[in-house]
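Please open the model in your viewer and keep the selection tool at hand. This tour goes from one selection to the next and says what is to be found at each stop.

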Amino acid sequence: MQPIRNDELRKAYKITAFIGLAMFASLVVYAAVVEIIKKQNAPFGGVQPLPSDVFSTLRYALLGVVVVEFFVIRLLNRLMLSGKVPLRSSAMTVPFAPEVQRLVTAAIVTYALCEFVAVYGLVLFLIQGNTSDFYFFLALSFACFGIHFPKYSTWEEWIAERAREQMRRFRIL
């Protein structure tokens with residue numbers, strides 16, 4: 001493991017944070033789309049409304065998915081950062097050190113999972129036309145971003161710990 005330069009880590013974090021903020025901003029776009037659909041199709045009752053009991057089951061199922069997702073994010077982060085899950089690079093991958101690339105990949109996967117929460121609300125809105133479902137899931141998505149958005153200090157600590165582990169392994173050999 002090559003020592004990670006602070007400027008490389010900072011550059012990777014800035015790029016990743018920008019991607020995260022863009023995905024966060026997409027939530028506002030979803031809200032705008034909901035309001036436009038609601039206004040242009042007033043009263044909007046959904047594209048294909050379901051019977052209320054079926055829709056209620058779907059709503060609770062998606063809420064269950066959100067709860068599971070909240071914990072899966074942490075699990076996936078641990079797996080991706082542990083090195084037990086091979087992460088493949090592509091021509092589109094920013095050429096960072098493998099350890100830094102793990103942080104970037106874990107963060108982007110986290111952002112996507114946080115954004116999915118709002119998408120569930122958007123789907124519920126499109127099916128039934130109820131904006132309160134959308135805004136509830138949107139609020140959960142905002143909360144998910146707030147809780148799981150990576151901090152630069154956490155990245156620094158993780159890199160430092162990896163370097164310490166590498167030093168311990170080197171001494172053993």
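Predicted model: local features only at pLDDT ≥ 70, side-chain atom pairs only at ≥ 80, totals over all residues.

Residues are numbered from 1 along each chain as its sequence is written, and side-chain values use heavy atoms, with hydrogens and water left out.

Select residues 131-148 to begin, which form helix α4; helices here are DSSP runs of H or I with at least four residues, numbered from the N terminus. Helix α4 has 18 residues and reaches 25 Å from its first C-alpha to its last, close to the expected 26 Å, where the expected span is 1.5 Å times one less than the number of residues.

Now colour the buried residues of α4, among them Phe 134, Phe 137, Leu 138 and Phe 145; buried means under 20% relative accessible area, computed with a 1.4 Å probe on protein chains only. As a general rule, an α-helix has 3.6 residues a turn, so residues three or four places apart point the same way. The buried residues of α4 pack against α1 (6-40), α2 (52-82) and α3 (98-128).

Stay in α4 and select Ser 141, which is buried with a relative accessible area of 0%. Leaving aside neighbours within four places in sequence, Ser 141 is in contact (heavy atoms within 4.5 Å) with Leu 27, Cys 114, Glu 115, Val 117 and Ala 118.

Just after α3, select Gly 129, which takes a positive phi of about 85 degrees.

Then go to the loop between α1 and α2 and select Pro 43. The peptide bond from Ala 42 to Pro 43 is cis, with omega near -15 degrees, and in general most peptide bonds are trans.

For the last stop, select Asn 77, Leu 81, His 148, Pro 150 and Thr 154, which of the 18 lining residues are the closest to the centre of the largest pocket. The largest share of that lining, five residues, comes from α2.

Terms used:
Helix = DSSP H or I, 4+ residues; strand = E, 2+ residues; numbered from the N terminus. Buried < 20%, exposed > 50% of the residue type's maximum accessible area, 1.4 Å probe, protein only. 1 Å grid on protein atoms, 1.4 Å probe; cavity = no way out; pocket = protein on both sides within 12 Å on 5 of 7 lines; lining within 4 Å.
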